Each structure stands twice: as structure tokens, then as C-alpha cells.
Amino acid sequence: MIDLHCHLDGSITVEIAKKLAQLQKIELPAKTDSELLKKLSVPSDCQSLNDFLECFGLPLRLLQTKEGITEAVRLVQEDCKAQGLEYLEIRFAPQKHCVNGLSQEEVILAALEGLKQSSLHTNLILCLMRADINQSENKETIELAQKYLVKDNGVVAIDLAGAEALFKTRDFEKEFLIAKQKNIPFTIHAGEADGPESVWDAIKFGAVRIGHGVRVTEDPSLVDYLAEKQIPLEMCPTSNRCTKAIDDMSLFPLRQLMEKGVKVTINTDDPAICRTNLKGELDFVTNKYGITSSEKKQLLLNAVDAAFCSDEYKNELKEKIYGSED
């Protein structure tokens, strides 16, 4: 299994939160595991994006020291490894972890240290944040991405995350022009809270993947373009249900996009907050949309092709997928 779209602060489970709190001597705002679960995740009947966003407060409190960040990256990897993942890409915004005085560079170095402490093959994506007062922070993230950029086993790309409808993708052209000039690969959250025009802008900037993209079917010409250019979508079904990007999951366009030849992948986004994991996501699409074993294998192969990792490791992953019976 392969997860290309997994946020660090959205992956802090009850067990991970307790370990991070103990490590950093932070008192948790809950006495029982069930109370803590309510603080860290949305209920199954989550009603709004605001309910969803409230769940990030506590995880971010636990991710403001070098020790906390390193241990969190290690623990998230170990969780994913125990679930059977072969490859993982963890993304986070370094600027969101500087509340207690860490620099963005210290945050990145702490995360890289966490990578070394797990045997799961994992890479890091650094997120720029959508806002109108953080241009210098985003610029610094790009510069640090270039400084630590590798083909594998480290920082491999950047992203743009945050309130897509409020801070339009088109307003970040300058940042991604710089990234392109520096030869930094990038994906962009687009077509989730905003419409197809957001995806068109991301493509114009040079995004080689699209985060979510669930609204691309509103523009048939965009679907055709994605299929023709084989630009992958990092789809996250449960997250889209939780945030109300999709109100009716019977309308989730997975099969429609697959039939059009779009390179679709299935991911978790915020597994702890959404109370899911990659196996759960794959089981959901299998049961809900009748995904066959051969189609499931194709989804995994799509993820390999889309991965920000070395060609050598992609070949290893493909051999494992072709060699599996499921």
C-alpha cells in the first residue's frame, strides 16, 4: 500500500498523542482515551469544515519542539508500517511549528531525524500555506526545500495547503515560479474547496500532481486534459466526506475519472482526524464503487508513477505490486 497524501498534524492518534505529551511533559486536555479521541478526530457525522479544522489545534500543540516533531514522524511511520504500507509521503508546513521559537530549518531537520528512526520508506513534502500575510514564511520554505531537496529519503517536493476558497491558487503564481526555477517538484491542493479553475491554475504553474481534485468533473475539458497529460490526482474519499467537499458520497467521481483515463490515487489526508487508514480507504472504494482487484492494482501502480521518489525505488514497488496476488 502507498499513501501519497498524509499530513503529519492530521496523523496524531490517541496513542501517539499520549506518547508525545509524556515526552514533552504536556498535560493533555482529556482524562480518558475516549475524551482524547473526541479532541483529535471528527465524529462520523461531522457537519462542517469548521468542525474538521478544530481538530488540528491539539496535534499542533504537540508538534512545537524538536523532540516532539522527530518522535511524531517516527511514530506515524511505525503506525503506517504496522498497517502494511510500503511507501509513505508525509507533508507538513514548517512555518506552523515555530510557535515556541523553532526556526523552519530546525523543524525540517527534526523531521528528517524522525525519518532515520524508522525502516519504512518515507519522504517529506513541505507545505506552503495559503494566507495573505506570510509571503516571507512561504519564501523561506521554498529556499529550505531547495537546500534539503533529494531524490529519495528526505525532502522531495513542496505543496500549497490551507483555505483554498478564501486564498485563491492564482494568487500564488510568484511562489511557484520560484519553485520551478529552482527545479523543486510540487503538488498543489486544488479542486477541493474551490472549483476547476483552481486546478487549471495549479497546472499552469507546473504542478505535477493535484491534491484532492474532487471537483475537476465540473469541467469536462479539464478531465480530458488530466487524462491526456496523465496528471495524477491524490484523492482522499473520507476526508472529502468529512469536510463536505462531497455531500453525497454516491457522487464521489472516482469511477467516472478512472473510466476517463485519469491517473487516480487513493490516500488518507488526515487519517487520525478522519478516523481512517489506507486499508480503510481502499476497502471503502472497493465496497462503495465496486473497484475490482485489477482496478485496485492499477490504483497502486498509479501511486507508484506519481510518487516523489527515485526511479530505482519505483521499480522495486512495481515488482512487489506485480508479484502480489491481491
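Strand S5, helix H9 (residues 196–205) and strand S6 make a right-handed β-α-β unit; a crossover is called right-handed if, with the strands pointing away from the viewer, the path from the first strand over the helix to the second runs clockwise. Helices (H or I, at least four residues) and strands (E, at least two) are DSSP runs, numbered from the N terminus. The model is a predicted one, in which local features need pLDDT of at least 70 and side-chain atom pairs count only at pLDDT 80 or more, while totals for chains, interfaces and linings use all residues. Residues are numbered from 1 along each chain as its sequence is written, and side-chain values use heavy atoms, with hydrogens and water left out.

Within this unit, S5 (residues 187–190) and S6 (residues 209–212) run parallel and are joined by four bridges; two strands count as paired if DSSP finds at least two bridges between them. Ala 190 stands opposite His 212 of S6. Two bridges link S6 to the parallel strand S7 (residues 233–235), and here Gly 211 faces Glu 234 in S7. Glu 234 also has a bridge partner in S8, namely Thr 265, and S7 is joined to S8 by three bridges, again in parallel.

Taken together, these strands form an open sheet of four in the order S5-S6-S7-S8, with parallel pairing. Its edges are S5 and S8 (264–266), each of which pairs on one side only. From one strand to the next the twist averages 30°, where axes are lines fitted to C-alpha atoms, for helices over the stretch in contact, and angles run from 0 to 180 degrees between N-to-C directions.

A second sheet of four strands is likewise open, with the order S1-S2-S3-S4 and parallel pairing. Strands S1 (2–7) and S4 (155–161) are its edges, each pairing on one side only. Neighbouring strands of this sheet are turned by 25° against each other on average, direction ignored. Arg 91 has Ile 125 as its bridge partner in S3.

Aromatic contacts come next. A pair of aromatic rings is described by the distance of the centres and the angle of the planes. Rings of Phe, Tyr and Trp (its six-membered ring) pair if their centres lie within 6.5 Å, and planes under 30 degrees apart count as stacked, over 60 as edge-to-face and the rest as tilted. The structure holds six such aromatic pairs. One of them is the tilted pair of Trp 200 and Tyr 225, at 5.4 Å centre to centre with 55° between the planes. Because Trp 200 lies in helix H9 and Tyr 225 in helix H10, this pair ties together parts that are 25 residues apart in sequence. Trp 200 is partly exposed, at 29% relative accessible area, and Tyr 225 is partly exposed at 27%; buried means under 20% relative accessible area, exposed over 50%, and partly exposed in between (1.4 Å probe, protein chains only).

Phe 284 and Tyr 289 form an edge-to-face pair, 5.8 Å centre to centre with 85° between the planes. Phe 284 is partly exposed at 27% relative accessibility, whereas Tyr 289 is buried at 11%. Ring pairs also link Phe 176, Phe 186 and Phe 205 into a cluster. An aromatic ring is involved in another way where the charged end of Lys 96 sits over the ring of Phe 56, 5.9 Å from its centre; this requires NZ of Lys or CZ of Arg within 6 Å of the ring centre and within 35 degrees of the ring normal.

The loops remain to be considered. Most residues other than glycine have a negative phi. Gln 230, however, has a positive phi near 55°. Gln 230 is found in the loop between H10 and S7 and is partly exposed, at 36% relative accessibility. Lys 244 also has a positive phi, of about 70°. Lys 244 lies in the loop between helix H11 (237–242) and helix H12 (254–259), partly exposed at 32%.

Ser 310 is found in the loop between helix H14 (293–306) and helix H15 (311–323). Ser 310 is buried, with a relative accessible area of 13%. Its side chain makes a polar contact with the side chain of Asp 152 (2.8 Å). A polar contact is a pair of N or O atoms within 3.5 Å; within protein, one must be able to donate a hydrogen and the other to accept it, and residues adjacent in sequence count only if both atoms are side-chain atoms.
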